Amino acid sequence: MKLGNSNRLFIVPIIAALVLGLIFMTAILPMVKMDPKNVPIGLVVVDEGEMGANLANTLLEHAPELVEFSLYDSVEMMGKAMDEKEVYGGLVLPADFSAQVATLQTETPERASVQIYINEGANATAATLVQTALSNIVTGLNTQLSGQILLAVQAKTDVIKEQLAPVLQAEGGSMLAQVSAMISPIQPSVVQDFANPIQSEIIKVNETGKLGNAPLAFMTVTWFVSLIGAAMLYLVGNKRTFSSKGAKLKFNTIQSVMPFIYAFVAGYMATWYSTWLLGFDLEYFNRTALFLALCISAFMYMIFATVRWLKLPSIVIYVLLTFFSMSAVQLAPEMIPAFYKDYIISWLPLRYFVEGLKEVLFFSHNVINSYSIILIWVLVIAFILVWVKNLSEKTEIAETEEIE
C-alpha cells in the first residue's frame with residue numbers, strides 16, 4: 001500500500017499537534033510561570049546608630065519573600081559579590097543614617113538617605129525586579145517612619161496646646177478654638193521631609209547601556225550559524241569515497257580545520273553587523289568577535305560530533321534546545337520554576353554562551369573566563385570524538401577503471 005493512499009496519514013497532524021504542543025508549551029514555561037523568590041540582594045550597614053541596626057535586623061529576618069538579603073561588611077565587598085554575580089543589587093545605609101533621622105524632630109531637619117545598587121549586567125530582568133523591590137522597601141520605610149514622626153509631632157502639639165490653654169481661655173473661648181487649631185510645631189518648609197523622611201539614590205554597576213539585548217541578539221545568530229555550519233560540514237563528508245586512505249586523512253584534516261576558519265569569519269562578521277545594523281557601540285569589538293568565534297567553533301564541533309556518531313537526524317536535539325533555551329537564559333535562576341532550575345538550565349549550552357558574553361561586555365571584559373573555559377572543554381572533547389570516528393570507520397575506496 002502506498003503511503004499517499006493510506007488513511008493513517010490523517011493521524012499524523014494529530015500526533016504532530018500533541019508532540020509539538022507539549023514541546024513548545026514546555027519551552028515557554030519559564031516565562032509564563034515566572035515566580036521570583038529569594039532573589040539575592042546585598043546589604044551594607046555603615047551606620048552605627050540604633051536606627052540602622054534595627055532596620056538591618058528587620059530586613060535580614062523579615063524581608064519580603066521576593067528577595068533575600070545578605071550582609072556585607074563594606075560596599076567594596078558587596079561590589080566584588082556583584083562582579084561575581086552573587087547578588088543582583090544592594091542596599092547601603094550610610095554612616096550618618098541614624099543621625100539624619102534624628103534631626104527630623106529638631107528645628108533643622110535633614111532627610112536621611114540610602115543608596116540602592118543595581119547590578120544591571122548580571123541579568124536585565126532581575127535588575128528591573130530588584131530596583132522595583134528595593135524602591136518599594138524604601139517607600140514602606142518612608143510610610144512607617146513618617147507615621148512615627150507624625151505621632152511624635154502630635155504629642156508635642158498636644159503639650160503646646162495644654163501650655164497655652166490658660167492664656168487663650170482668658171482671651172475668650174472663640175479665640176481659643178481658632179488658635180488651637182493652628183498650633184503645630186511643623187514648619188511649612190519641612191512638610192515634604194516629614195512625608196518622605198528617607199530619600200534613595202540609585203547607583204547602577206556593570207551597566208549595560210544600549211547593549212542590554214546584545215546577549216540575546218548574538219545568541220540567536222551564533223546558534224543558528226553553528227547549526228547550519230555543522231550540518232554542512234557533515235553533508236560534505238557523508239558517503240564520500242576516496243582514492244586512498246591518505247586522501248581520506250587529508251580530507252578529514254581539512255574538515256577539522258574548516259570550523260575554526262568558519263567560526264573566525266562568522267564571529268567577526270556577526271560583530272560587525274551588530275554595529276552596522278543594530279547600532280551596538282562595542283567598547284571591546286575584537287574581544288567580542290573572538291568570543292563569538294570561540295563559541296561558534298565549540299558549538300559546531302559539539303553538533304558535528306553528535307551527527308557523526310548518531311547521523312543527521314540527531315540534529316533535531318539541538319533544534320529543540322533552541323526553543324528550550326530562548327526563554328530560560330533570559331531569566332535569573334531564582335526567577336524560573338524549580339523543574340527548569342534543577343534539571344534543565346544547568347546544562348543548556350546557550351546559558352554558558354550568554355553568561356560568558358555578559359562577562360566580556362559588562363564585567364571582566366576577558367575572552368577567557370569561567371564560561372569560555374567550559375566551552376573550550378566542550379570543543380576539545382567534541383574534537384576528540386570526531387577524530388575517533390574518523391579513524392575507526394571503514395574507508396570507502398573508490399574503484400578505478402583500467403584504461404587499455
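The structure is a predicted model, so local features need pLDDT of at least 70, and side-chain atom pairs count only at pLDDT 80 or more, while totals for chains, interfaces and linings use all residues. Residues are numbered from 1 along each chain as its sequence is written, and side-chain values use heavy atoms, with hydrogens and water left out.

Helix H15 covers residues 370–392; helices here are DSSP runs (H or I, at least four residues), numbered from the N terminus. From first C-alpha to last, its 23 residues reach 34 Å, close to the 33 Å expected at 1.5 Å a residue (the expected span is 1.5 Å times one less than the number of residues). Among its buried residues are Leu 375, Leu 379, Trp 387 and Lys 389. Buried means under 20% relative accessible area, exposed over 50%, and partly exposed in between (1.4 Å probe, protein chains only).

Now for the rings. Those of Phe, Tyr and Trp (its six-membered ring) pair if their centres lie within 6.5 Å; planes under 30 degrees apart count as stacked, over 60 as edge-to-face and the rest as tilted. That rule gives 13 aromatic pairs. One of them is the tilted pair of Phe 260 and Tyr 301, 5.7 Å centre to centre with 45° between the planes. Phe 260 sits in helix H10 and Tyr 301 in helix H11, so this pair ties together parts 41 residues apart in sequence. Tyr 301 is buried, at a relative accessible area of 1%. Tyr 301 also pairs with Phe 383: the centres are 5.5 Å apart and the planes at 55°, so this pair is tilted. Since Phe 383 belongs to helix H15 and Tyr 301 to helix H11, the pair ties together parts 82 residues apart in sequence.

Definitions and conventions
Helix = DSSP H or I, 4+ residues; strand = E, 2+ residues; numbered from the N terminus.
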